[in-house]
Amino acid sequence: MSGRAAAPSPWLEDWAKGVSLTQRVEVFLKKIARQAALNAFVEVFEQSALERAADIDARRQAGAPLGPLAGMVVALKDNILMKGHRCTASSRILEGFEAPYSATAVHRLLEADAVVIGRTGCDEFAMGSSNETSYYGLVRNPLDPERVPGGSSGGSAAAVAAGLCDAALGSDTGGSIRQPAAFCGLWGMKPTYGAVSRYGLIAYGSSFDQIGPMTTSPEDAALLMQVISGPDPYDATSDVRFTFQKSEHGAQERVVSLGFFPELLEGSDIEEPIRKAYQDCLERARILGCVLKPIELPMRSWLVPLYYVLSTAEASSNLARYDGVRYGYRSSHGETLEQMQVNTRTEGFGAEVRRRILLGTFVLSSGYYDAYYSKALKARALLCRRLENLFNEVHFLLLPTTPGLPFRFGERSADPVKMYLEDQFTVMANLTGHPALNFPWPCAGDFPVCGLQIMGPRRSDADLLAMAGRLVASKF
Amino acid sequence: MNQDDFELVAGLEIHVQLHTDTKAFSGESFEYGAPPNTLVSPVTLGLPGALPRLNARAVELATRLGLALNCKIREKSYFARKNYFYPDLPKGYQITQSETPLCYDGYLEIEDENGQPMRVGIERIHLEEDAGKSLHDQDPYETLVDFNRAGAPLVEIVSRPDIRHPRQAYNYVARIRRLVRWLGVSDGNMEEGSLRCDANISVRPKGSPALGTKVEVKNMNSFRHVMRAIEYEFERQTEALLRGEKIHQETRTFDAVQGLTLSMRSKEQAHDYRYFPEPDLPPLVLTPSFIQEQKAAMGHLPDDIKRLCLHEYGLSEYEADRLSEERLLADYFLKLLDCQATPKEAANWLLGPVSQWLNEQGQTLADFPLSPQRLATIIALVRAEKVSHSQAAATLLPAACLPENQDAGLEDLARALGILMEEMEDHQLRQILLEILDNFPQKVAEYKNGKKGLQGFFMGELMKKTGGRANPKKAGQVLSELLKN
């Protein structure tokens, strides 16, 4: 992967031409205001972004050395903490909460001289696939405002796709980076579990959550990964062996074996435009000289249930801290401590978050633990082994990111199970910790673009970007 | 049936706060009595996005304690979350260990109520974090919460239900406290809550193999409280059974003022803690070499010292007990032996003059300014009869402890203090003694008439004249000779 050399991104071109960063930030601020109807941002960090841009401009003028992200303007999902700024997970329960420390990923962005322009809306506590559960209102898809941008990192996806910033960070617990990236035509990376520190990311499902980049090019995604990934002593689950290495998979001469799932090409489980795109991409891979290997999707009917049992169990515990005692929203109703806590949580959390807390509490309860949580843990271990074995046979797996194109508002929100099935192709990578990348692919349906997904062995994050970059470059 | 037909069955759960520089899962210190909410990091406060990271020192100390309690050490253990809501529990869960405690299957030797040795089984020792403190008495209307203690490292030591008498419980807690202090694992201060004890208490008819329904008693802040609570519960439960009532499984609290236990919550009100593996922490893996290192660092234990004192050094039971009470004292004792003091001398000096000096100064052995080497030199001066024992204890030791004398040669110091018994030539001694006898012809006559006790009088005169420098043994011989003639 050549980083900055090939196909420069617009921001890099501007930077190379000497366009003032302050001026770029001002343009973005105007665009954000003009596109307010998208509701991509919960809050714009206007003042701090301008100050930072001016500082970087000044340092460039002075000929001082600058970090690799100098010139890039980035948005943060509203669940990634930046010191001195509010962060709410788009929930009422964190109303007014100001971060007293920065997430490790944000700290590294700032060290690399990125400008952070604001925080973007998401499904409340990253729980959702449509951005309809945010306390701050729904976010619209810039490619079609009648449709959802996907979720939960929908605000980040909309902001990047609408050109309101150069790139964004999202978080992915069951597909929350990849699905909105697919819906908005972006590159969205769910890194290897442990590649990017979770310190300062508001937890949903701790053993699933990863922060990752959402960009318009694989080069930008790689650059962001280079900056934000790597071991962090503040996250005990961070992978000390992870380095974001340059990949050999972009090179032509290497014979690459790709696993694919014929059942998805044959059945009617996925919408026709997606099926066609998948087929098209496989064809493209064949032309590029890849060896295609048919594979059965492991434990397919278990994936979504497994994910919802385990992630909600963790969520029920992770969200216990929001009790009105120390920070955030506190209900003014109730005489006793217990009433205060119950009312705070009932009023502070939205319906979907409450549903998942209840579900998670249920599967951990005595009498049900063995039937649900414990069994799901065992199935998860089995799935991990199955996938490890698969990656002994093939370099990568290629599959759709979503079963369908972006849906219209309200279409799925009445039926949680239908909404949960939106995650059927994305949860696998979170269950096993493998890296997975959404890349845009042209679409033959009533929507211009869809997303396909490539998965690889642990720590192959750079390879995924290189391989998908090759596929996409051959198409466009 | 009466009360004598019943048997007590009790097990204890002891929480010990580990003596580490920082908290169990975050980098700030904790300190009893610091201003409220000053030792609170994002991790401690359970802020969004904060993550725990394990304090390696806490693992070392817990491992040492486990080894000292004859436990097996688990090479791979997991942390778990114990979920419940309480204002002083910032995250809504406590990080603890559930299925896989770090240490398990050990025992502690104690004395039973008759002074006979017995073993109390240790079921498990696990690592966990402390909660904050709810303050109900700081404000007339509000309960306030202090999170300084939240996240402090704890171990919980769970005994098997091997306790059959309240006195055994007292001895057990006392032994645990001595051990944690000895190992430097904790200060074991019960008043400040660094050592807290809960008891599971049941009764059953003597000879019955089945266990009765157990009652958990909390809030006992001293060894005596533990004993009294168990005494009270034994009576309460046996009386209830004798009345034909059933014992309800419940949690009770000990009221020290009234000397009784009161119901807190019944089994039906018990929490469902929803334990599950802590996803923020990887499994804790201990290598065999780590465990070996902890064993080496642990050093000798109180019982080793006691055994040594009794069987190798021939000291008394009292001396052996005293020397094995505190590690600093035992270590000092062993170092004195290394410096050529005999066990008897070392024990006498430490438990006698040194203890007395420390008491007078209001200091502990940790503050004692004399190195074992220097104390051994004083002991050697006494042994060589250069300084009398009483002068050494009353004059030389306090003088040697003064900062200005810390580098002074001890024999020179004794000379300067005028208490050094010089090697006088026999003829010098004889000369002085003859003068004395000349001065007291009356006494000499009385002596010769059989009043042998006057020897002490002459010796006293000799010491006055020589300023205590005469060797009493030699002088006695010369005096006897002179008085014979």
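Leaving aside its neighbours within four places in sequence, which residues is L135(B) in contact with? I looked that up before anything else.

**Entry: ground rules**

I am working on a predicted model, where local features need pLDDT of at least 70, side-chain atom pairs count only at pLDDT 80 or more, and totals for chains, interfaces and linings use all residues. Residues are numbered from 1 along each chain as its sequence is written, chains are lettered from A and ligands numbered from 1 in the order written, and side-chain values use heavy atoms, with hydrogens and water left out.

**Entry: L135(B)**

I found E142(B), T143(B), L144(B) and D146(B) in contact with L135(B). Contact means heavy atoms within 4.5 Å. I placed L135(B) in strand 8 of chain B, residues 133-135. Helices (H or I, at least four residues) and strands (E, at least two) are DSSP runs, numbered from the N terminus. I then checked G460(B), which is 325 residues from L135(B) along the chain. Their C-alpha atoms are 68 Å apart.

**Entry: domains of chain B**

I noted domain 1 (3-289), domain 2 (300-416) and domain 3 (426-484) in chain B. The bounds come from an automatic or database domain assignment. Between the C-alpha centres of domain 1 and domain 3 of chain B I read 70 Å.

**Entry: where the chains meet**

How many residues does each chain bring to the contact? Chain A gives 39 residues and chain B gives 28 residues. Together the two chains bury about 2,700 Å², with 59% of it on carbon and sulfur atoms. Buried area is the accessible area (1.4 Å probe) that two parts lose on being put together, summed over both.

I counted one salt bridge between chain B and chain A. A salt bridge is a side-chain nitrogen of Lys or Arg within 4 Å of a carboxyl oxygen of Asp or Glu. Here R198(A) pairs with D280(B), at 3.0 Å from N to O.

**Entry: second largest pocket**

I met E278(B) again here. Among the 37 lining residues of the second largest pocket, Y78(B), P277(B), E278(B), L281(B) and P283(B) lie nearest its centre. On a 1 Å grid over the protein atoms alone, a pocket is an open set of points with protein on both sides within 12 Å along at least five of seven lines, a cavity is a set where a 1.4 Å probe fits but cannot get out, and lining residues have an atom within 4 Å of a point. The pocket holds about 1,300 Å³ of space. Grid points are joined across faces, edges and corners, and a volume is the space filled by probe spheres set on the points.

Which helix supplies the largest share of the lining of this pocket? Helix 13 of chain A does, with six residues. By class I noted 19 nonpolar, eight polar and ten charged residues. Ala, Val, Leu, Ile, Met, Phe, Trp, Tyr, Cys and Pro count as nonpolar, Asp, Glu, Lys and Arg as charged, and the others, Gly among them, as polar.

**Entry: cavities**

My search of the whole structure gave six cavities of 30 Å³ or more. The largest cavity has a volume of about 70 Å³.
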